[in-house]
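Let's take a friendly walk through this model, from its loops to its cores, helices and sheet. Please have the viewer open as you read.

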Amino acid sequence: MPKHTTRHRPSPAPTVDPSSAADLRLDFDGLTFGVEALSDDLMRVRISQHNATPIPPSWAVRSPFPAKPTVPPRVGQRRHVAELATPEATLRIRLADGSWEFSDRYGWTVFQSTSSITGVFSDRARLALRLEPREAIFGLGETTGTFNRRGTIREFWNSDVLGHAPCIHPHLRQLYASIPFALSLRDGRAAGLFWDFPGRQIWDIGSTHRDVWSLQAPADHVDLYLFAGPTPYRVVQRFTDLTGRHWLLPRWALGYHQSRYSYVNRAELESVARQLRRRQIPCDAVYCDIHHQDKHRVFTFGRSFPRPAAMIAGLARRGFRVVAIVNPGVKNDPSFGVLRRGLRHDAFVKTPSGRRDFIGRVWPGDARFPDFTRSKVRDWWSSEQRALLRLGIAGIWNDMNEPAVFDRADKTLDPQCLHHTDTGPRRHGEIHNVYGQLMAQACHQGLLQGTTNSTEPTDQTRPFVITRAGYAGMQRHAILWTGDNSAAWSHLDDALQMLLNLGLSGVGFCGADVGGFLENCSAELFVRWLQMAIFTPFLRNHSNLDTARQEPWAFGPETEELARRYLNLRYQLLPYLYGLLEEMVRHGTPMMRPLLWRYPNDPVAVACGDQFLLGDALLVAPVLRQGSVARCVYLPQGEWFDFWTGQRLVGGAHRVAHAPLDIIPLFIRAGSLLPLAARRSFVGPTEPETVFLHVWPGDDGRLDWYDDDGRSRAHETGGWYRRSIHHHQRSRGGRLVFDAATGTFPSSTRTWRIALRGQTRPIRVALDREVVGSHFDAETGLVILDIPNRRQAFSVDWR
Ligand code: GLC
């Protein structure tokens with residue numbers, strides 16, 4: 001292999017090469033640069049050695065890309081610089097040394113390589129970018145530690161890390177999931193960068209050299225995507241155009257989930273379910289961790305769970321879905337049917353020599369690992385999964401899919417192991433990070449195929465798949481939970497920043513084990529954790545074998561009462577959350593958003609990693625410290641209301657929020673429309689008929705209302721009920737305009753119960769100019785009125 005120095009000699013002129021996908025192709029001494037404009041604001045840069053084997057197809061990127069440039073990109077050469085330009089962005093490459101600069105339509109430099117070390121050197125690909133003063137870096141998927149990733153080193157190599165809090169592993173660089181995507185923000189301007197390579201990557205983001213962001217991988221090519229922004233929304237939207245978005249999960253996915261490693265037998269699982277109902281703690285799903293299996297054999301139920309179909313049906317009658325764990329390691333037992341069939345398909349990853357199946361120890365002892373890089377193996381796996389679906393399992397939890405291996409020092413497959421991918425043989429080290437995601441893909445595919453031909457939707461109709469490991473694009477196949485955290489205050493703080501960065505990296509449906517997985521949780525930590533978690537998309541309480549019990553009643557009656565109160569609030573918020581989920585599916589907008597999402601020009605908001613927005617209306621400021629009864633909250637510019645007291649507050653300042661144990665500081669933006677439903681124990685087949693629409697004064701606002709049946713796939717062909725509701729503030733009073741509804745779903749809403757907040761006296765309310773009755777409550781400052789729902793547009797005025 002030729003050695004490359006850091007200076008590349010270019011060919012005399014850039015070429016437009018119609019045979020390659022690139023719009024601009026530059027041949028340097030030994031290296032080829034190919035640049036392609038995928039849309040006005042997104043460019044792909046490929047760098048590889050001359051005569052190198054073609055870059056293998058990506059598992060992250062959707063094909064075809066759903067956008068294109070509005071006009072043909074312009075290729076040019078000025079003096080010693082070749083460039084490719086669209087109306088939004090320009091990439092300039094210096095012919096002398098291959099250094100490059102990516103700038104926006106105003107000529108503002110978005111990313112700039114330091115001179116001359118972009119490229120492939122021996123078998124190592126490297127990039128070094130200049131970090132500008134005030135530039136902050138977010139995203140990178142699952143990361144521990146600070147929200148802003150500048151000043152840190154991250155190694156992308158999926159790993160089973162037990163107890164991943166910085167207090168346990170202060171220098172931790174690896175986690176279960178790897179998303180080599182970053183959102184850069186400087187002076188209010190956002191941009192993005194994604195290096196598509198599912199092997200190991202190391203990013204040093206200004207840790208070793210303060211102003212240098214160096215990226216490297218043991219790869220023979222660079223495959224880089226540059227996003228011009230300029231808003232966080234545009235960057236994440238484009239990144240999720242490229243790598244895909246979550247699908248619309250069943251509504252029950254947004255409920256409360258109760259899990260433990262493990263409910264060890266049928267009686268225990270049923271008793272937990274019974275207690276949840278008896279104690280009136282709402283819950284939608286209970287979990288079967290590995291103890292349900294027959295000696296850790298995947299896709300089986302063992303003797304301690306007799307007649308699982310009857311158990312699952314009984315639980316379903318009480319409104320519970322059962323989610324079962326599935327690990328990739330197949331017990332190496334010749335009498336085990338799954339193994340025998342896998343062997344018949346020659347389905348397993350090979351040792352480095354390629355002659356035998358790799359065998360490693362996991363829960364079942366010696367196990368073989370399906371080679372999910374092959375579509376035939378994914379088909380086989382999804383057909384094995386039917387064994388669980390036939391029993392009525394509603395969702396599948398893919399664990400240990402980094403994959404974790406107990407008896408190797410590096411805790412995973414030998415990097416030299418051989419995969420026979422659909423496009424040729426690859427070493428495990430080249431594809432490691434995508435293994436877990438391909439397992440989730442097989443799982444999702446199996447759930448879509450389902451078990452019955454019934455035309456009636458069931459709880460299985462929309463896939464529910466959780467994964468621990470993944471790579472960019474995993475959101476197409478699974479939601480993510482953040483693995484084995486600990487019942488530690490620092491981990492609560494960590495979880496919040498982790499979830500915010502995951503949302504910016506395309507994986508908006510995520511959650512951390514509530515209460516912490518390892519160690520014993522205290523009552524106070526449990527309450528604070530749950531108070532935050534009811535505002536996170538995936539809400540699951542899960543805890544480890546040898547820890548104290550963590551069900552909401554395990555801490556005594558006061559904690560139980562608080563848990564009930566907050567879980568009830570979660571269920572009241574379901575219409576709002578479901579609308580946010582649908583928005584995320586359509587645009588990539590995370591449900592849970594950092595303040596920078598809406599306030600990228602406000603440096604205080606940008607730096608804020610301990611508060612978040614839930615949608616556009618709510619601002620959540622969780623209590624993250626033991627013993628706190630107050631916390632400092634930053635309210636961005638504008639007017640806000642304290643959700644609990646209704647007090648009007650002026651933003652643009654820090655405030656001290658009162659936060660005794662029963663209160664999480666929660667604020668609502670002036671002008672917001674917040675839909676709430678009545679409490680319930682679980683998500684049923686139909687939604688409550690009355691929607692409470694809270695209208696907060698002080699500004700204009702808007703709600704994009706979305707509803708459907710919550711479980712079928714009819715929404716893919718228009719089976720929804722969608723309408724925008726506009727709130728216009730007037731000097732006296734205000735107006736709500738309900739646009740006409742679209743979609744074929746008939747809507748379960750019969751009545752809009754409108755609650756006008758912040759009123760001081762009875763007021764006159766009119767529906768389409770006809771005066772209607774309303775009720776004024778002086779104590780709460782509410783005016784309430786009921787409006788029958790109808791599909792046509794209508795308006796409500798008050799003064
Ligand atoms: C792993 C998972 C954890 C699970 C346990 C047993 O540690 O991360 O959630 O409970 O395995 O299956």
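## Ground rules

Helices (H or I, at least four residues) and strands (E, at least two) are DSSP runs, numbered from the N terminus. The model is a predicted one, where local features need pLDDT of at least 70 and side-chain atom pairs count only at pLDDT 80 or more, while totals for chains, interfaces and linings use all residues. Residues are numbered from 1 along each chain as its sequence is written, and side-chain values use heavy atoms, with hydrogens and water left out.

## A buried threonine in a loop

Start at Thr589, in the loop that links helix 12 (574-587) to strand 33 (592-593). Is Thr589 buried or exposed? With a relative accessible area of 2%, Thr589 is buried; the term buried stands for under 20% relative accessible area, exposed for over 50%, and partly exposed for what lies in between (1.4 Å probe, protein chains only).

Setting aside residues up to four places away in sequence, Thr589 touches Tyr233, Glu583, Met584 and Trp597. Contact here means heavy atoms within 4.5 Å.

## Two nonpolar cores

A nonpolar core is a set of buried Ala, Val, Leu, Ile, Met, Phe, Trp, Tyr and Cys residues joined through side-chain atoms within 4.5 Å. The largest one has 164 residues, and Phe194, Trp381, Phe464 and Phe535 have the most contacts inside it. Helix 9 (residues 489-504) gives the largest share of this core, 8 residues. There is also a second, separate core of 43 residues, with Ala82, Trp100, Val110 and Leu193 among them.

Phe464 is worth a look on screen. Not counting residues up to four places away in sequence, its contacts include Leu249, Trp252, His257, Tyr287, Ile479 and Phe538.

## Two helix pairs

Two packed helices are described by the angle between their axes and the distance between the axes. The axes are lines fitted to C-alpha atoms, for helices over the stretch in contact, and the angles run from 0 to 180 degrees between N-to-C directions. For helix 2 (residues 266-278) and helix 3 (residues 308-317), the axes come within 11 Å and cross at roughly 5°. That makes helix 2 roughly parallel to helix 3; angles under 35 degrees count as roughly parallel, over 145 as roughly antiparallel, 65 to 115 as roughly perpendicular and the rest as oblique. On the helix 2 side, Arg266, Leu269, Glu270 and Ala273 meet Ala310, Met311 and Leu315 of helix 3. The residues of this contact divide into 5 nonpolar, no polar and 2 charged, where Ala, Val, Leu, Ile, Met, Phe, Trp, Tyr, Cys and Pro count as nonpolar, Asp, Glu, Lys and Arg as charged, and the others, Gly among them, as polar.

Helix 11 (residues 557-572) packs against helix 12 at an angle of about 55°, with the axes 5 Å apart. Helix 11 is therefore oblique to helix 12. Arg570, Tyr571 and Gln572 of helix 11 make the contact with Leu574, Pro575 and Leu577 of helix 12. By class, this contact has 4 nonpolar, 1 polar and 1 charged residues.

An open sheet of 8 strands runs in the order 31-30-28-25-21-20-19-32, with parallel pairing; two strands pair if DSSP finds at least two bridges between them. Strand 31 (510-511) and strand 32 (539-541) stand at the edges with a single partner strand each, so one side of each is left without a neighbour in the sheet.

Strand 30 (residues 479-481) and strand 31 run parallel and are joined by 2 bridges. Here Trp481 stands opposite Gly511 in strand 31.

## Backbone details to check

Which residues are joined by cis peptide bonds? Another joins Glu402 and Pro403, with omega about -5°; Pro403 has its place in the loop between strand 25 (395-398) and strand 26 (418-421).

Phe299 has a positive phi of about 70° although it is not a glycine. Phe299 lies in the loop between strand 20 (285-288) and helix 3, and counts as buried at 7% relative accessibility. Ser747 is found in the loop between strand 45 (734-738) and strand 46 (751-756) and is buried, with a relative accessible area of 7%.
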